[in-house]
Amino acid sequence: MIQEGTAQSPVSPALTRSMLRTLGLVATLSGLLVVLSYRITLPIIEENKRLAIERALFKVIPGAISRQDFMITDRGIELAQSDLQGTALYAGYGQDGRLKGVALEAAAAGYQDVIRILYGYDPYCQCIRGIEVLKMAETPGIGDKIAKDPVFQENFTALEARANATGDGLERAIVLVKQGEKSEAWQIDAISGATISSKAIARMLNDSAQRYVPLIQNNLAVMEPAS
Amino acid sequence: MPGRPEQHEPVTLDTFLRGLWEENPVFVMLLGMCPVLAVTNSAINALAMGLASTFVLVASNSLVSLLRHYIPKQVRIATYIIIIATFVTMVDYAIQAISLDLYNALGAFIQLIVVNCMILGRAEAYASKQPLGATVVNGLGIGAGFTLALLSLGVVREVLGSGSLFGVSLFGENFQPWVVMILPPGGFFVLGTWLLIFAAFRLRKQRRTELGEVAQHER
Amino acid sequence: MSELRITTDLRSSPHLKQMVSVPQIMRNVVYALLPVCAWSVYAFGISVLLLLITTTLTCMLSEALFCRLSGKASSISDGSIAITGLLLALTLPPGFPLWMAAVAAFVAVGLGKALFGGLGYNVMNPALVGRAFVQAAFPVAITTWSPPFLPGRFSEVIPSTLTAPFMKPVPIGEWIEQRTVDGFSGATPLALQKFEQIITPWPDLLTGTIAGSAGETSALIILLGGIYLAVRRMLDWRLPVGVMLGAVIVSLPLWLLDASRYPDPLFVLLSGGLMLGAVFMATDMVASPVTPLGVWIYALFIGMLTVVIRLFGGLTEGVMYAILLGNAISPLISLVTQPKIFGEGRKP
């Protein structure tokens with residue numbers, strides 16, 4: 001460009017006009033296309049996201065067929081509204097409209113990166129009914145068994161998480177034991193060879209349950225439909 | 001800029017085929033390595049990324065070609081980037097609408113198509129000088145070459161790393177997957193091997209033609 | 001011979017002062033390695049013998065193949081490739097499937113050596129490159145251990161050894177249970193320390209009555225081999241000493257600080273592959289620095305990094321990655337530790 005001399009010469013008004021015209025035209029066209037495609041895809045994307053959440057939700061709360069979103073705030077548990085700050089809590093309801101369980105997100109550091117899960121809690125049996133891994137970067141073939149291994153998933157069909165009498169935690173903490181040594185309802189059988197990933201799951205479940213289970217038990221009336 | 005004579009090349013089969021082999025963006029020009037290494041851990045991811053890039057390449061280069069007489073050269077890069085970013089955003093929405101799983105698997109690499117130098121390079125070197133027809137054909141060829149390269153990595157990595165192809169299990173339950181192949185280092189290993197093979201081919205061809213010339217000379 | 005010229009060009013490593021040839025050095029390293037191999041076969045049985053044969057043969061065949069492809073004279077006869085094969089086998093678990101061992105050997109020669117230009121040009125220790133590859137590719141198989149001194153180890157192979165190519169290793173848990181009385185857990189001393197805070201007593205570590213990679217279990221025999229090589233001046237004594245010193249420098253203060261959490265330095269030295277790495281791996285002549293000061297920096301770096309990985313990383317053993325990283329920075333170390341040329345003062 002320099003050898004053509006444009007760099008030295010002052011920009012002529014005609015050139016400025018042509019630059020403005022072109023950039024304006026292209027930007028308008030671009031905005032039009034983006035808005036158009038956003039408009040077309042928005043309902044489909046929303047539907048996809050809803051389906052993804054519900055697929056995970058109905059997996060961790062067996063028997064649930066509909067959902068209602070709540071929020072854990074400083075004041076307790078409230079219906080989710082866009083201006084509320086707090087932790088999301090999904091309630092799942094069964095065929096008869098009764099509360100089947102609630103689902104919460106939990107997270108802890110795994111072997112490579114933070115593992116995020118959704119777990120379902122049944123307030124009537126006071127136990128964890130299922131977990132679904134939402135995000136992880138565990139080693140394929142070893143750590144990622146936490147998501148798929150049927151023997152490991154078996155741990156979470158009825159994992160005890162009972163609120164204690166004083167209402168500030170669990171009666172018995174959720175603990176990890178070596179593979180094949182689970183003998184109590186509040187124990188999790190580790191995956192042999194994937195101790196760190198298993199430990200992360202146990203830790204995040206214990207931390208989250210210690211904090212929220214008493215709260216959920218105290219606020220059941222909010223979520224149970226009046227009948 | 002108006003008034004400059006353009007040297008149009010005739011649109012032939014070669015306009016398309018060049019992108020597949022001679023000017024293959026991955027194996028020859030080594031452009032756009034970021035998605036090549038990052039999202040080729042399965043054939044389906046590779047195919048989706050290849051098609052998305054091809055769409056952006058063809059669509060944005062067509063627009064560049066149509067507007068080529070009206071874009072002052074002082075702002076051409078900015079204009080190209082806006083055009084490319086527009087189509088990338090559209091592809092981004094489209095993939096979200098088609099499949100959230102695919103969207104999550106491809107991650108940030110869809111948005112990163114914007115900075116794929118293969119696309120900007122084509123706009124600058126080809127679309128800004130050629131009419132629409134030639135640009136579309138050439139873009140399709142380059143896109144096909146890119147998709148082919150991604151697929152050739154994705155297929156090898158998925159077969160070795162998961163024992164399946166397009167999600168279909170190939171070798172049964174007892175196959176031992178080579179975990180490293182679906183991890184990032186596997187991308188480097190497989191790309192390196194492909195480059196090695198292509199380099200060996202080219203070297204051989206070159207040597208053969210040289211030998212042929214020498215033989216002719218001696219005769 | 002081009003190898004000979006390279007060795008005499010180097011400056012200050014003591015073992016290179018004499019006019020020893022590559023085959024001569026390699027022969028002596030093999031002598032030092034043979035007792036380690038023999039002990040390993042004695043402790044783990046014919047599975048290890050098969051492993052040793054597989055890796056050595058595959059290494060030789062791959063070397064021949066790559067030499068042919070690159071049009072070079074075959075360098076099998078100098079013995080360096082046999083050492084790569086033997087070392088590789090010694091770093092693998094005793095029941096490692098043979099087909100995976102063959103993959104490791106092929107990668108070791110191809111990626112670790114041939115791609116860089118063959119003997120004398122490898123950036124990293126080829127055997128460890130091969131092991132690192134299978135560690136990343138088959139993380140389960142490479143952490144499946146079997147106990148030493150099983151009855152009948154000379155008449156039957158560990159089931160996983162003969163796994164069909166490309167198939168998952170045959171599970172060996174039950175097979176081991178039938179043969180051991182006290183319920184062997186399959187854990188190495190390092191894993192026991194890391195996950196269960198059980199420290200294996202040092203006499204066991206010294207004599208090798210523990211689980212682990214085929215050649216790493218007996219620290220004593222490895223040390224004897226190292227002393228032999230050092231006395232014959234085939235190995236720079238600074239290297240193994242520096243690696244061990246580096247390990248002690250990190251582990252001693254930690255142990256003094258909190259003996260319940262951190263293992264004692266003796267355990268750190270004798271457990272895992274530290275000895276094997278210090279004596280036979282870190283000492284790879286091509287991939288280690290050439291200046292005396294550089295050798296010290298390199299060796300201390302490896303020793304310290306090993307302990308850091310072991311104690312603070314997710315892995316139980318860190319020797320392999322520590323040495324590979326040491327190899328990677330060794331050209332840089334050589335560069336910054338160049339001695340001043342006599343007569344050249346500081347720049348004014």
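**Entry 1. A charged pair in helix 1 of chain A**

I began with A:E54 and A:R50, which lie 4 residues apart in helix 1 of chain A, so about one helical turn separates them. The model is a predicted one, and I read every value below as computed from it. In this model the side chains of A:E54 and A:R50 form a salt bridge, with 3.0 Å from N to O. Side chains of opposite charge can pair when their charged atoms come close. I then looked up the total, and over all chains the rule gives 17 salt bridges.

**Entry 2. The sheet of chain A**

I next traced the strand order in chain A. The sheet is open, has 7 strands in the order 2-1-3-4-5-6-7, and pairs in the antiparallel sense. Which strands stand at the edges? I found strand 2 (76-79) and strand 7 (159-160) there; each has a single partner strand, so one side of each has no neighbour in the sheet. Strands of a sheet pair through backbone hydrogen bonds, either parallel or antiparallel.

I went through several of the pairings in turn. Strand 3 (residues 87-93) and strand 4 (residues 99-109) of chain A run antiparallel and are joined by 5 bridges. Within this pairing I noted A:G92, whose bridge partner in strand 4 of chain A is A:G101.

I then asked which helices pack on this sheet, and recorded helix 1 and helix 4 of chain A. Helix 1 (residues 13-60) touches strand 1 (66-73), strand 3, strand 4, strand 5 (114-122) and strand 6 (127-135) of chain A. The direction of helix 1 makes about 145 degrees with that of strand 6 of chain A. Helix 4 (residues 195-218) of chain A touches strand 1, strand 2, strand 3, strand 4, strand 5, strand 6 and strand 7 of chain A. For helix 4 of chain A I noted an angle of about 45 degrees between its direction and that of strand 5 of chain A.

How many bridges hold strand 5 of chain A to strand 6 of chain A? I recorded 7 bridges, in the antiparallel sense. A:R116 stands opposite A:K135, a residue of strand 6 of chain A. Strand 5 and strand 6 of chain A make a hairpin with 4 residues between them. In the turn I looked at A:Q126, which has a positive phi of about 50 degrees.

Strand 6 of chain A also runs antiparallel to strand 7 of chain A, and 2 bridges join them. Here A:I128 stands opposite A:L159 of strand 7 of chain A.

**Entry 3. Chain B as a whole**

I turned to chain B and counted 8 helices and 2 strands in its secondary structure. Along the sequence the pattern reads α-α-α-α-α-α-α-β-β-α. Taken along the principal axes, the C-alpha atoms of chain B fill a box of roughly 70 × 65 × 25 Å.

**Entry 4. Chain B against chain A**

I looked up the contact between chain B and chain A, where 26 residues of chain B meet 26 residues of chain A. The two chains bury about 2200 Å² between them, and 77% of this lies on carbon and sulfur atoms.

Which helices of chain B each supply at least two residues to the side that touches chain A? I noted helix 4 (76-98) and helix 5 (100-106) of chain B. Helix 4 of chain B gives the most, with 13 residues. By class, this side of chain B has 18 nonpolar, 5 polar and 3 charged residues.

**Entry 5. Chain B against chain C**

Lastly I looked up chain B with chain C. The contact takes 11 residues from chain B and 14 residues from chain C. About 1100 Å² is buried here, of which 76% comes from carbon and sulfur atoms. I recorded 0 salt bridges between chain B and chain C, and 4 residue pairs in polar contact. The side of chain B that touches chain C has 8 nonpolar, 2 polar and 1 charged residues.

How values were computed. Residues numbered from 1 in each chain as written. Chains lettered and ligands numbered in written order. Predicted model: local features only at pLDDT ≥ 70, side-chain atom pairs only at ≥ 80, totals over all residues. Heavy atoms only, no water. Contact = heavy atoms within 4.5 Å. Buried area = accessible area lost by both parts, 1.4 Å probe. Nonpolar A, V, L, I, M, F, W, Y, C, P; charged D, E, K, R; others polar. Pairing = 2+ DSSP bridges. Axes fitted to C-alpha atoms, helices over the stretch in contact; angles between N-to-C directions. Salt bridge = Lys/Arg side-chain N within 4 Å of Asp/Glu carboxyl O. Polar contact = N/O pair within 3.5 Å; in protein donor to acceptor, adjacent residues only side chain to side chain.
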